[in-house]
Amino acid sequence: MSARTRVRTGTRIPRPVVALAAAGALVTAVLGAAGPASAASPGTETASAQVASGDGWTVTRGAAGYTVSLRLGSPLPIRDDMPELVADGLDLGPAAESANGRTLTATTTDPAVAKASSIAWQWSTGGSSTATGPTSLPSAADQLAAQRRTLAKGGKDGHPSPYHPGGNGNTPADPTTVGHGSYTVADYDFGAQSIALADIGGIRGELEGRIYVPTDHRPHPLVIFLHGRHSSCYNTTTLKGASGWPCPAGTAPILSYAGYDGAGEALAAAGYTVVSISANAINANDNQRSPDDGAGTRGQLVLDTLTMLKAVNAGHSVSYHDDVTGQDVDFDQALAAGRSTYPEGTMTARQFAGSLDFNSIGLMGHSRGGEGVVTAATLNEGLPHPWAIKSVFALAPIDFTRVTLPDVITTTLLPYCDGDVSDQQGQHFYADSRDGTFADDVQRSDIWVMGTDHDFYNTSWTPPYPGASDDWSQADDPVCGTSATALASGQNIRLTAAQQYQVGSAYIAGFFESSLGHQAAFQGMFDGSGTEPPSVAGYADVRTVAQQPASTRSDITTFQSASPQVTATGDVTATVCANKYGRTVPEPLPDCTLPGSTLTNQQVPYWTPANYAPNVPLNPMTHVTWTGTGGGVAVSVPARQRDVSRYDEMTFDMSPDESVASATDMTLTVTDTSGRHWSQPVSALNPWAVTRMPASTSNRLGKIVLQQVHVPTSTLRRAGLDLHRLASVRFTPVGAAGGTYLSDLSFDTPSMGTPHSHPRPTVNVDSMSAEEGSGPSTAKVAVYLSRPSTAPVTTYLTVLGATTGALGPVMSQATFHPGSTCVAVPFPITGDTLPGAAPSTAFKTAVSVSTNAVLGANDFATITIREDDGTTGTTPPIPPVGPQGDVCAPHRIPTHH
């Protein structure tokens with residue numbers, strides 16, 4: 001028997017937990033901008049630390065700034081969304097939740113809050129509704145009838161139906177039925193407090209989950225599932241969701257990890273080992289204790305689970321100590337404990353050993369679990385010997401920080417009727433990592449699934465499971481609601497819960513069978529071809545945008561920057577734009593939204609500001625507008641790229657702008673150097689590229705979403721064009737006036753690419769302290785790399801709670817030249833001569849959107865400002881900080897001669 005080993009976990013370097021309970025002050029201008037801070041000093045206020053108050057809220061002065069606190073009548077519901085505070089209608093950004101969930105707190109340097117007349121809260125995606133949707137499912141027959149009505153109504157107004165199932169044909173097999181192998185299922189449970197969790201206040205959580213494993217005793221590719229944020233427990237009397245971990249008396253755990261049996265069993269039958277892990281302890285504590293709301297904690301839990309599984313797979317006897325029972329628990333005991341949640345489980349540690357192939361690993365995460373598995377993959381590349389993670393499937397994810405992910409095949413599934421992450425912010429994983437962000441060779445894609453909500457991809461989040469409800473709370477909405485009124489509207493696109501679950505199971509299984517198992521039959525589900533599995537093709541409307549690997553793609557233009565290669569003539573203008581209106585720092589590009597736009601974050605997923613990077617530039621593209629049919633936009637093909645004969649297709653992404661009520665059109669023309677050309681209306685190639693997405697009176701719908709247009713190169717060849725000598729691609733408007741967005745014109749051949757996780761430099765930010773001072777001053781914070789990079793690295797630093805003359809965080813880009821490891825980023829401090837409510841203030845700061853490096857274990861930090869004028873309370877002052885030294889000194893790599 002092998003020696004008994006104790007697995008060490010939680011090895012990730014802990015980041016300081018940011019406390020935002022005191023008033024504070026920071027930047028009043030864009031980081032790195034010249035000149036003193038422009039905001040007025042709060043030194044004109046009275047000596048009383050409390051400067052404004054109202055019903056349940058206060059504004060108190062601290063180290064040259066203010067803390068805004070709002071007391072709630074009851075804790076907010078457990079959602080994947082994040083709360084923010086709003087002062088007189090101005091957004092103060094993410095709010096920290098107190099330990100009991102009844103107080104929200106935010107800090108700002110803007111003196112306007114000292115005169116606030118009202119403080120309220122809202123979800124980061126918009127609105128402040130705490131309403132839940134229906135807690136029971138509608139009649140499936142009624143929903144099917146509604147789908148038929150919507151299809152029958154489509155086309156009668158000259159425009160396609162808002163709901164069109166079937167895609168571009170069926171895959172030759174179905175990923176949920178292709179496997180016929182024998183497998184077994186078992187739960188394991190080392191205990192409710194059996195593993196140290198990273199970056200979440202020193203707490204311990206459960207090491208628990210469900211295993212699906214083939215029974216042929218051979219090593220199989222490993223897939224890890226990670227659920228998202230949901231109530232950890234439910235009240236055993238009322239059956240409503242409850243919080244706390246371990247579950248308090250009168251409640252029982254919600255088995256969120258058990259909600260993906262469809263995909264887990266399909267993959268096991270096809271020869272994959274699947275482990276779906278529990279994260280209830282994280283869900284009960286992330287908003288209160290974690291600096292990044294649990295992203296790093298979830299990511300490290302995935303890596304720690306891999307460590308445990310590798311030891312068990314090798315035949316070692318692992319042991320974890322459960323603080324609840326005071327017992328050490330080995331894997332056989334954990335499997336025995338798992339029979340309380342899965343009685344049919346008969347697996348033993350010996351039977352499980354040898355079933356895992358650690359050379360082929362895939363990750364799937366749902367909601368905050370989606371951000372968690374992306375974070376696991378980036379943390380992985382900061383390791384000296386990374387796990388062989390090949391692919392990541394993010395299901396309805398959040399992306400609070402805007403993480404970029406290299407070297408793995410990635411797809412992001414986005415539900416159109418998502419009532420929780422209703423701004424579909426997870427699409428940033430695709431947008432931020434494409435177009436040469438990294439020198440890698442992998443396919444990336446977004447998959448929009450029409451008519452599906454956030455929760456029903458997990459059966460444990462679907463009624464009648466305790467604590468479950470429809471997250472689309474607007475039951476009467478004609479497009480996404482499920483009331484009798486909504487279903488009778490003739491506009492309804494909602495799938496039944498069973499249909500939605502099957503779509504999730506098919507696409508999860510198909511993704512890993514394609515990316516890990518190299519099954520070409522399912523590649524068309526993800527590469528933009530639009531093929532659908534037979535089990536869902538009769539009802540699923542799935543729309544895919546994909547970027548192929550660099551080795552099989554030639555980018556003619558990304559439309560992300562002005563270029564003489566792209567010209568507009570006549571009645572047409574072409575403007576490179578980025579972002580949604582409302583940025584609070586100067587931006588280099590104009591907004592993509594129209595002047596006077598009222599589109600909400602939910603309606604512009606491409607430009608939804610991230611919670612911890614709200615002013616970082618977002619998703620540039622070209623906005624084409626026209627006032628007549630004369631002229632167009634012409635793209636010249638560079639001479640070195642004119643030979644496209646090796647590629648299968650031409651692709652580009654397009655969407656109508658908000659000036660288009662329902663649909664518009666453009667004519668696409670491709671010309672070779674001899675003047676031969678081919679033309680076709682875009683509407684004939686992909687009508688969704690020129691048709692607005694389904695809309696209602698809800699400000700969550702009518703989204704601006706790029707759709708991908710495909711033109712086979714064989715079509716151009718048959719039209720007589722010389723594929724060795726293409727000259728130009730032209731877009732000509734159809735109709736008197738209109739507008740579209742254009743992105744990513746390429747020639748490519750669909751391929752999954754060559755995933756290869758390998759060590760990369762990580763980007764981090766140091767915590768630091770500074771004196772408040774009595775007036776404007778400047779300090780610096782170190783943004784650093786874990787090791788030098790041979791290629792230039794860029795990232796953005798955001799300081800939360802700092803202002804630029806309006807309420808909003810400040811932001812600066814940091815650039816690392818090859819060989820350098822640290823950038824000292826300056827920021828101004830506005831001091832005063834008045835006492836504060838606390839001896840110091842901690843501000844959260846974060847790095848995001850890195851290129852040629854991944855975010856590291858210390859991507860969040862604190863900037864602490866010492867109150868040097870005394871406090872109004874009884875807490876004694878802290879010792880002076882003193883003058884700041886060279887913040888980069890600890891991070892420079894010694895030069896050896």
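Me: What should I know about the model before I start?

Reply: It is predicted, so local features need pLDDT of at least 70 and side-chain atom pairs count only at pLDDT 80 or more, while totals for chains, interfaces and linings use all residues. Residues are numbered from 1 along each chain as its sequence is written, and side-chain values use heavy atoms, with hydrogens and water left out.

Me: What is the strand order in the open sheet of five strands?

Reply: Strands of a sheet pair through backbone hydrogen bonds, either parallel or antiparallel. Helices (H or I, at least four residues) and strands (E, at least two) are DSSP runs, numbered from the N terminus. Two strands pair if DSSP finds at least two bridges between them. Here the order is β1-β2-β3-β7-β6, with antiparallel pairing. β1 (50–54) and β6 (96–97) stand at the edges with a single partner strand each, so one side of each has no neighbour in the sheet. Inside the sheet, β3 (residues 66–71) and β7 (residues 103–108) are joined in the antiparallel sense by six bridges, and Y66 stands opposite T108.

Me: Which residues of strand β42 point one way and which the other way?

Reply: In a regular strand the side chains alternate between the two faces of the sheet. From β42, F860, T862, T864 and R866 point one way, and A861, I863 and I865 the other way. Seven of the seven residues in β42 (residues 860–866) are buried, meaning under 20% relative accessible area, where exposed is over 50% and partly exposed lies in between (1.4 Å probe, protein chains only). As for partners, β35 (residues 768–771) runs parallel to β42 with four bridges, and M768 stands opposite I863. β40 (residues 840–851) pairs with β42 in the antiparallel sense over seven bridges, and S840 has R866 as its bridge partner.

Me: How do I read the crossing of α5 and α8: right-handed or left-handed?

Reply: Axes are lines fitted to C-alpha atoms, for helices over the stretch in contact, and angles run from 0 to 180 degrees between N-to-C directions. A crossing is left-handed if the near helix is turned anticlockwise from the far one by less than a right angle, and right-handed if clockwise. The axes of α5 (residues 295–313) and α8 (residues 368–381) come within 7 Å and cross at roughly 65°, and the crossing is right-handed. Residues in this contact (heavy atoms within 4.5 Å) include G299 and L303 of α5 and G372 and A376 of α8.

Me: Which residues have the most contacts inside the largest nonpolar core?

Reply: A nonpolar core is a set of buried Ala, Val, Leu, Ile, Met, Phe, Trp, Tyr and Cys residues joined through side-chain atoms within 4.5 Å. The largest has 82 residues, and Y188, F190, M308 and F331 have the most contacts inside it. Its largest share, eight residues, comes from α5. A second, separate core of 63 residues includes A266, A509, C577 and L618.

Me: Is P175 buried or exposed?

Reply: P175 has 0% relative accessibility and therefore counts as buried. P175 lies in the loop between α1 (140–153) and β9. Apart from neighbours within four places in sequence, P175 is in contact with residues including A266 and A509. A266 is also one of the buried residues of α2 (residues 261–269). Just after α2, G271 takes a positive phi of about 100°.
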